[in-house]
Amino acid sequence: MLPAALGLCIAGCSAVGTLNALTPSDGATVRKDVAYGALPAQQLDIYTPPGQAPAAGWPVVVFFYGGSWNSGSRADYQFVGKAMAARGVLTLIADYRLYPAVRYPEFLRDSARALAYGFEKAAALGGDPKRVFVMGHSAGGYNAAMLALDPRWLKDAGHSPAELAGWIGLAGPYDFFPTDNPDAQPVFFHPNYPPNAQPIEFTPSNAPRSFLGAPTEDRLVSVQRSTLQLSGKLQAAGVPVTLKLYRRASHTTLIGAFASPLRWVAPVLDDVVDFVDGRATH
């Protein structure tokens with residue numbers, strides 16, 4: 001019953017302390033409450049791998065969590081930071097402003113500033129500035145996709161998607177207008193959706209190499225409409241895409257599988273680290 005209970009914890013974001021407590025750091029360290037902007041929500045936590053950094057530096061991943069753009073906290077995702085850092089990936093878990101304090105596109109501007117911090121501070125943190133990735137789950141996967149595929153957001157932060165070594169989207173909504181999700185509707189001004197606000201509208205041939213992961217069946221986000229459609233359009237544009245579908249995972253346990261007790265659900269941690277390290281298989 002423990003895995004099922006932990007899956008519910010991820011869904012409700014109410015007891016993720018269990019996942020955090022049961023995921024060992026294996027020598028990784030964390031630096032908390034690092035500001036990437038002037039506002040209280042513009043903070044991130046930095047998970048540093050154990051030991052001495054390699055000569056070129058560790059690969060860097062900036063991660064954004066999900067929660068329909070109206071809930072979530074970086075403190076809930078310690079298990080992601082610890083798991084990635086234990087595998088040799090310098091990992092930044094970032095907060096961003098949420099509804100109702102802000103609507104689209106303010107959380108993208110925050111996300112771009114957090115990723116800009118990753119670019120600019122990578123070397124000082126022991127990371128490799130040439131191997132910076134952006135990753136997100138669910139709503140955070142949308143954020144990651146928009147930063148990687150639509151150059152407007154990183155341009156405003158003084159950077160470009162060309163600086164990314166790749167991006168990772170886990171069960172992200174990439175084509176979802178109009179949405180019947182009552183949590184997401186006010187975020188995107190339903191029914192007056194803004195133009196050019198979905199990742200599926202941006203599949204440039206020069207997009208960073210891409211990792212798209214999803215459960216085979218997802219009750220919250222259409223796998224066919226979002227993950228499979230985006231994968232197909234990126235591949236048609238000539239972008240290298242690693243596509244992974246996980247039979248035992250759900251929308252919520254896909255990210256939960258980064259935690260030690262749920263790794264049996266899906267090898268998503270292994271697959272993401274292989275992608276970051278350049279060992280991914282399609």
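**Entry 1: what α7 packs against**

I looked up the neighbours of helix α7 and found that its buried residues pack against α5 (139–149), β6 (166–170), β7 (210–215) and β8 (241–246). Here buried means under 20% relative accessible area, exposed means over 50%, and partly exposed lies in between (1.4 Å probe, protein chains only). Contact means heavy atoms within 4.5 Å. Helices (H or I, at least four residues) and strands (E, at least two) are DSSP runs, numbered from the N terminus.

A note to myself on the source: this is a predicted model, where local features need pLDDT of at least 70 and side-chain atom pairs count only at pLDDT 80 or more, while totals for chains, interfaces and linings use all residues. Residues are numbered from 1 along each chain as its sequence is written, and side-chain values use heavy atoms, with hydrogens and water left out.

**Entry 2: α7 itself**

Which residues of α7 are buried? I listed V223, S226, T227, L230, S231 and L234. I remembered that an α-helix has 3.6 residues a turn, so residues three or four places apart point the same way.

Just after α7, G238 has a positive phi of about 95°.

**Entry 3: α5**

How many residues of α5 are buried? I got 11 of the 11, so α5 is largely enclosed by the rest of the structure. Among them are Y142, N143 and M146. The cover over the buried residues of α5 includes β3 (58–64), α4 (106–121), β5 (127–137), α6 (152–156), β6 and α7.

**Entry 4: H137**

I moved to H137, which lies in strand β5. Is H137 buried or exposed? H137 is buried, with a relative accessible area of 5%. Leaving aside neighbours within four places in sequence, its contacts include F63, L170 and H251.

**Entry 5: T18**

Lastly I looked at T18, in helix α2 (residues 17–22). T18 is partly exposed, with a relative accessible area of 30%. T18 and V34 are 16 residues apart in sequence and 24 Å apart in space, C-alpha to C-alpha.
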